[in-house]
Amino acid sequence: MDWIDTHCHLDAPEFDTDRAAVIARAAAAGVTRLVLPAVEVANFDAVRDLARTQRFGYALGIHPLFVDNAAEADLERLRDALAALRDDSRLVAVGEIGLDHFVPGLDRGRQARFYAAQLALAREFDLPVILHVRRSADDLLKHLRRAPVAGGIAHAFNGSEQQALAFVGLGFKLGFGGALTFERALQIRRLAQTLPADAIVLETDAPDIPPQWLYRSAEKRAQGEPPARNEPAELPRIAAVLAGLRGWTLAETAAITSANAEAALPRLAGAFGR
Ligand SMILES: [Zn+2]
């Protein structure tokens, strides 16, 4: 079985000591295609180089949590990079972009400006987008209705059913990962169970959002245990939880979610990684 991890920060410092082993474990688990989203201009080269060496896909964009530290000129640098790489079949999307209304103290006006500017770049270069959604689904949707793009993925989706269906109506897939594995995540599990089958893609968001079996409580962390690190090799086990919720076999889950990922990010279906 072949799996696609549609969202993995493989360039993160958490993987600096054993990145090759992490990639080998993912391959052994059948997770053969990964999408590496950038978060700031400073990591554009790292995700591109990693994707090229490892035969993965990548996305370029400025993450909402990095907007406050970004320079205005970074939007121009993103544009230059998208122009220079427009024929690179591994460049599958503009991302990770979006809005974060959960983390306190961020400049919302600046986030909205960077988000709108990056949507315009996605349109200009005819690329889908990978969206960061945190308490921000309605605002993200408002921009997309005003200025549609070629679809993409609302990653680590955590909104309501109505919001989920609004994204689907605009041509988006919704990304599900480690959060799905917590029994108390009732809303996310219900969405994973009831959304149209063609709306769902899988992701780890590694090193973040560890599944329930890796999670370390705040109490354990206070006792000195390090926070758990998620990795792409966990994807099939997360997929098994989705399979259980949907009543799908694991093979069906792999086939359906891979086809959905290729529909959301068409360049994934192209020459690389197969
Ligand atoms: Zn991310």
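Student: Why does arginine 55 count as partly exposed?

Tutor: In this predicted model, arginine 55 has a relative accessibility of 44%. Buried would require under 20% and exposed over 50%, so arginine 55, at 44%, counts as partly exposed.

Student: What other feature does the loop between S8 and H8 hold?

Tutor: Proline 207 lies in that loop, between S8 and helix H8 (218-222). The peptide bond from alanine 206 to proline 207 is cis, with omega near 10 degrees. A cis peptide bond also joins glycine 95 and glutamate 96, where omega is about 10 degrees; glutamate 96 is found in strand S4 (residues 91-100).

Student: What makes S1 and S8 the edges of the sheet?

Tutor: The open sheet has 8 strands in the order S1-S2-S3-S4-S5-S6-S7-S8, with parallel pairing. Strand S1 (3-5) and strand S8 (200-202) each have a single partner strand, so one side of each is left without a neighbour in the sheet. On average, neighbouring strands are turned by 30 degrees against each other, direction ignored.

Student: How do you know that S7 and S8 pair?

Tutor: Pairing requires at least two bridges. Strand S7 (residues 172-176) and S8 have 3 bridges, in the parallel sense, so the two strands pair. Phenylalanine 176 has leucine 202 in S8 as its bridge partner.

Student: What makes S1 and S2 a pair?

Tutor: S1 and S2 run parallel and are joined by 3 bridges; the requirement is at least two, so they pair. Aspartate 5 stands opposite leucine 34 in S2. Together with helix H1 (residues 19-28), S1 and S2 make a right-handed β-α-β unit.

Student: How is S2 connected to S3?

Tutor: S2 is joined to strand S3 (residues 57-60) by 3 bridges, and the two run parallel. Tyrosine 58 in S3 is the bridge partner of leucine 36. S2, helix H2 (residues 44-54) and S3 make a right-handed β-α-β unit.

Methods. Residues are numbered from 1 along each chain as its sequence is written. This is a predicted model: local features need pLDDT of at least 70, side-chain atom pairs count only at pLDDT 80 or more; totals for chains, interfaces and linings use all residues. Side-chain values use heavy atoms; hydrogens and water are left out. Helices (H or I, at least four residues) and strands (E, at least two) are DSSP runs, numbered from the N terminus. Axes are lines fitted to C-alpha atoms, for helices over the stretch in contact, and angles run from 0 to 180 degrees between N-to-C directions. A crossover is right-handed if, with the strands pointing away from the viewer, the path from the first strand over the helix to the second runs clockwise. Buried means under 20% relative accessible area, exposed over 50%, partly exposed in between (1.4 Å probe, protein chains only).
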